[in-house]
Amino acid sequence: MKILLVVPVILAMPLFSQPRPARDTSQPIDEEYTKKIREYTTEPFFNSPLTDYLPASKTVPTPKAVLGDIAGAPGILPYAEEVYRYMRMLEAASPRVKVFSIGKTEEGREMIAVAVADEKLLAKLDENRARLAKLADPRTIHLDDAEAEKLVAASTPIYYITGTIHSPETGAPTALMELAYRLAVDESAYIKFIRENTITLITPVVEVDGRDRMVDIYKWHLANPGKQWPPLIYWGHYVGHDNNRDAMGLTLALTRNVLHTFVGWKAQVLHDLHESVPYLYDNTVGDGPYNAWIDPILAGEWQMMGWNNVSEMTTFGMPGVFTHGTFDTWSPSYLMFIAAMHNGISRLYETFGNGGADTEERTLEPGEFARTWYKQNPPLPKAKWSQRNNNNYEETGLLTGLAYFSANKQLFLRNFYLKSKRSIEKARKEGPAAYVFTADDPRPGAQADLLRMLQEQGCEISRAGAPFTVLMLPKKAPPKRGPAEGSDGAKEASESKPDEKPKPKPKPEPRTFPAGSYVLRMDQPYSRIADALLDYQYWAPNDPQKDIYDDTGWTFGELGNVQVARVTDAKVLDAGMHAVEGSVTAPGGVEGTGGIFLINHNADNALVTLRYRFPDAAFQAAEEPFEAAGHKFNRGSLIVRNVPAGDLDKAGAELGVQAYAVVEPPGVKTHPLRAARIAVMHTWFSTQSDGWWRMEFDRLKIPYDYISTQTVAAAPSGPGGLRSKYDVIVFPPGIRSAQAVVNGLPMYGNPLPWKVTPLTPNLGKTDETDDMRPGLGWSGLDRLQEFVRQGGLLITASDSDSFAVTLGFTPGVGIAPAQKLKVTGSALRSKTVDAASPIVYGYADNLAIFASNPPVFSLSNMAGGGGGGRRNNPEEHQRPTGRGTADDPDVPQGRTPSDIPEEPHAEPWEALPLTDEQLRNPVNVIPPAARPRVVLRYADTKELLVSGLLDNGGELAQHAAIIDAPYGAGHVVLFSNNPFWRAETKGSYFLVFNAIMNFDNLDAGRKLAVR
């Protein structure tokens, strides 16, 4: 603790001379603007010497030229286009500003990056970038430290700032407008020092679609005083808060645009602005555990920059500035972590916002204003807070950070080079040497998809020209966890025998990879992002960090159902291989002749795209494996007719789907695969999770209608009802509770519209309503049950399972409350229970699935009794008190002992067998054809964890993971896991697609109970 307390003092000292904050008295100030700054700042100590004035310019416009008032003024939130207009006005007026378009959003709105620096630096951006590129890839200078020093001395670093990725956090755009002005205009020694030593790059609005919607909401609020305003139900086109969890999967346009900008400019820092806590939390330092794949140099840089910020702003007398906190820096999914995984420095501020531009009295919780060792000048318990206060804190923090960075630019440039160099040396030092993607992977499409994502991250992919052999350790047995108190690991540890001899250390064994295998060599600059995404993660249940911020496991090979080999043998680097030019693709097309086409079902997601590419063609699924045309085909393989061979060949080549033409169909039982009509249903209180589902449906070109629970409630009953329009309704997670789905939002107060109007032109384009408050209602519930009874398929997952189970869609299925189970965004192992079910067509056993505190299913053959609670494992069985040992029967005295009938036994994923007593008058017995069918279960305790955190996994082990529950003429398919999550779970997608494609034949291959 003593060391931590002296760190701020030591690290606050700049390594080179740095001017102190003081305005240039020879430069006039903008009197009117400065007066407004002081008027809108609610207390003098909520400002600093860096932001309590604005320098004047006769030629460069201030933000007032667009806003009509100063940055941070009450009642003013600019649209993104207004922010851009101002930045381009700056560019036109000053040679110190350049604006670059960096891409478009899903809805076609522009994203920009604004470079601000001395005009001499901006005039030589390309030359500077060329030098930085050599530091970013030391292979270009043969890892020559002396040459690197010359480049460091000649180069100017780039500090990249991004704002408003989270749309309700509204302050950053105006702060960054004013910051750009200050950096371009202010002639004080402090600002000139920044301008002459650092190129500041600014993306003022990251989530542009959501920003414009948020401004609409705020304008509605201003136009309707005294009324409740609609919550921001949609941010971006697909996801809300989780747009800051996409730095691994790179599925959102905003993430890719920022990544390409950071990597393309060879920037050293990515600093993302957020708003949530008082008054400025520099969570750069955060808390443990730190991500296991970062370079230790980065951890030191976090400490240096974070504590310097605290020190500087504390000397200004600004309360509530702190670092450290409770944010664990484990997951690499955050936008800022693009820098951490590409040899830069990731930074993030949380400042205090009001969710708009109103000035309000804010009262804090005791924990927020308490003094701690890392928060010696805490926030005030109560304060009048304005958007101008927020802007002051954001700008002051950024300027002090920029000044410290500028004073130590050579240190940070040298570290940039060293981190890049150490990433290259990693292959032969700490390892691994490479990740290998074998050429005989049964899912070449999934393999290519994962490799393309890694290429997008900047990773180089090579391909082996011949077979090669390396030494590899045999796969380890599942780790014994614990010994945290109460955990399964503690139990296992206590049961270990003291006289057991330690097992011999496993010896490496040779493995040969075939020609054509892909190799991701780790002797490249961006090896760390590949290592972080492809390796396994382990979060100990007894880790001292209990406030886990996000997911703990994400191994992309496992969750993508792709074979990935981590190779530590450096001989792999000597194998004959060549660099892959362009994007990796899977082979596809048509081989052979004939009018019937056979396609092996391998659960590649492109198969569902192919089905909808030819909606009128005849597709059939084989219910058993077969051989034809010299190839083996899995159960579920596609038999296609009525498609021209040329069209199928073209589609197959594009999608990476291989088809084989034959004259005669195989002699195997089949059923049709119709192009199901799909609806994705959402509530009006949360659309965050369904966005990940919609995004992938759109990417794979699966047509669907996007409907709300209100749409279902308004549907008629009978012939013109839901079943006449849809075959499948998907209800993704994120429902809060079954009761909330039915009731909706509280009906107090005024209606909450979400629709396009002249006042709110950016709302309602995804879905719209006159009032967000009403829910499904009991009539809507009846319509949904009618849909299933009439032959429709309802798909639920994770927490939306509780809706189906609680409200009577799944007789015989229950959800048992977890006792001590803890699964925090982890990859878990599953086992196939019923390989004949169409839901698992194309899958092998041992699939890794994603779960986060999933529902624990239990089953019963009796209706009305739920699933009977969580099933105890056999070792948990307890006999009644009586004579004998724990394994002996009791013996009543005074009579001849009676034979004790054997108790019914079933595995945890099964329903208990029916007893003779239950069958005497089986009113509540579910008929065999109507009983829930378990398709997939969770693995045994010892092999359940794949990656992440799992504690007390015995509560979940062996329980059902996927259940197909008949209901009337239709089905409800329950996923305990979440098959669609942040594009990290692509290996699970086809479980859902199989259900959709086989919606009217889900009973195929089913074996019914005798009684």
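Reader: Which residues of helix α7 are buried?
Author: In this predicted model, Ala148, Leu151 and Val152 of α7 (residues 145-154) are buried.

Reader: What puts them on the same side of α7?
Author: Their arc around the axis. They cover only 105°, so they lie on the same side of α7. In general, an α-helix has 3.6 residues a turn, so residues three or four places apart point the same way. Lys150 and Ala153, on the other side of α7, are exposed.

Reader: What covers the buried residues of α7?
Author: The cover includes α6 (125-136) and α16 (409-425).

Reader: Which residue caps the N-terminal end of α7?
Author: Asp144 does. One of its side-chain oxygens lies 2.9 Å from the backbone nitrogen of Ala146. The cut-off for a polar contact is 3.5 Å.

Reader: Why is Thr170 called buried?
Author: Its relative accessible area is 1%. Buried means under 20%, so Thr170 is buried. Thr170 sits in the loop between β3 (158-163) and α8 (172-185). Among its contacts beyond four places in sequence are Leu77, Arg211 and Glu275.

Reader: What makes β2 and β4 a pair?
Author: Three bridges join β2 (residues 110-116) to β4 (residues 199-203). A pair needs at least two, so these strands pair. They run antiparallel. One of the bridges links Val116 with Thr200 in β4.

How values were computed:
Residues numbered from 1 in each chain as written. Predicted model: local features only at pLDDT ≥ 70, side-chain atom pairs only at ≥ 80, totals over all residues. Heavy atoms only, no water. Buried < 20%, exposed > 50% of the residue type's maximum accessible area, 1.4 Å probe, protein only. Helix = DSSP H or I, 4+ residues; strand = E, 2+ residues; numbered from the N terminus. Arc of directions from axis to C-beta. Contact = heavy atoms within 4.5 Å. Polar contact = N/O pair within 3.5 Å; in protein donor to acceptor, adjacent residues only side chain to side chain.
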